[in-house]
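Colleague: I have a model open and want to go through it with you. Can we take it piece by piece?

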Amino acid sequence: MGTTDGLRGPEIWIRGPVTVPDPTPPPYASAATPRRFSWVATHGGAGSSTLAAVYGGHDSGRGWPGAGDPPSVLLVARTHAAGLESVLRTLEVFRRGEAPAGLDLDSVVLVADAPGRLPRPLALRVRAIESVIDVYRVPWVTEWRLGDLGGNPPRETAPLARLTGAAGGSTR
């Protein structure tokens, strides 16, 4: 306990040996290794092949990642009604524990099905999905539709680019 003269604070009791910190800092890698992902399309034409080509990672197509593939899953769907419904069905598979053992559902990536804003009913479905999992949005990219996958990803996808370790957003 402390002294009664009020000049010193309470005594501090330390259990165990006191170690002196090592003055040399821990070694750090010169560059971080980006996390590896498997892109899983929740429906045909979702865009998983394009995303794998632009952001890296393994394209699982519409199947689950195999034994040698990255177990961290990014679900991919278009923002039309059928695409959003397919994401909800696949999320339910994970929620019920029916996805293959060892897979880790990381997030959902929604790819615009057309240029412009989403109609209100679809925007409400997107908000419902965002309430249960992280969602990354990919805007309509005309160049990708034409087969030009070169260059940097669109600047709106900077958070997705950081997640996957891809190059930063461009001025598209």
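Colleague: Which residues does V138 touch, not counting residues up to four places away in sequence?

Modeller: This is a predicted model, in which local features need pLDDT of at least 70, side-chain atom pairs count only at pLDDT 80 or more, and totals for chains, interfaces and linings use all residues. Residues are numbered from 1 along each chain as its sequence is written, and side-chain values use heavy atoms, with hydrogens and water left out. V138 is found in strand β5 (residues 135–138); contact means heavy atoms within 4.5 Å. On that basis, V138 touches L51, V109, L110, V111, A112, W144, T157 and L160.

Colleague: Is V138 buried or exposed?

Modeller: Buried means under 20% relative accessible area, exposed over 50%, and partly exposed in between, with a 1.4 Å probe and protein chains only. V138 has a relative accessible area of 3%, so V138 is buried.

Colleague: What pLDDT does the protein average?

Modeller: pLDDT is the predictor's confidence in each residue, from 0 to 100. Residues 25–32 have a pLDDT below 50, and beyond near neighbours in sequence that stretch has zero contacts in the model. In the protein, 76% of the residues score at least 70, and the average is 85.

Colleague: What pattern does the protein follow along the sequence?

Modeller: Helices (H or I, at least four residues) and strands (E, at least two) are DSSP runs, numbered from the N terminus. The protein has five helices and five strands. Read along the sequence, the pattern is β-α-β-β-α-β-α-β-α-α.

Colleague: Which residues of helix α1 are buried?

Modeller: Helix α1 spans residues 48–55. Just after α1, G56 takes a positive phi of about 85°. In α1 itself, the buried residues are S48, L51, A52, V54 and Y55.

Colleague: At what angle do α2 and α3 pack?

Modeller: Two packed helices are described by the angle between their axes and the distance between the axes. Axes are lines fitted to C-alpha atoms, for helices over the stretch in contact, and angles run from 0 to 180 degrees between N-to-C directions. The axes of α2 (residues 81–95) and α3 (residues 120–130) lie 10 Å apart, at an angle of about 20°.

Colleague: Why is α2 described as roughly parallel to α3?

Modeller: Angles under 35 degrees count as roughly parallel, over 145 as roughly antiparallel, 65 to 115 as roughly perpendicular and the rest as oblique. The angle here is about 20°. Therefore α2 is roughly parallel to α3.

Colleague: Which residues make the contact of α2 with α3?

Modeller: By class, the contact has eight nonpolar, no polar and one charged residues. Ala, Val, Leu, Ile, Met, Phe, Trp, Tyr, Cys and Pro count as nonpolar, Asp, Glu, Lys and Arg as charged, and the others, Gly among them, as polar. The residues are A81, L84, V87, L88 and L91 of α2, and L122, R125, V126 and I129 of α3.

Colleague: How many Å apart in space are L84 and L122, C-alpha to C-alpha?

Modeller: L84 counts as buried, at 0% relative accessibility. Among the residues L84 touches are L122, R125, V126 and I129. L84 and L122 are 38 residues apart in sequence, and their C-alpha separation is 7.9 Å.

Colleague: Which residues is D69 in contact with, leaving aside neighbours within four places in sequence?

Modeller: D69 sits in the loop between β2 (58–59) and β3 (72–78). D69 is partly exposed, with a relative accessible area of 23%. Leaving aside those neighbours, the contacts of D69 are S38 and H58.
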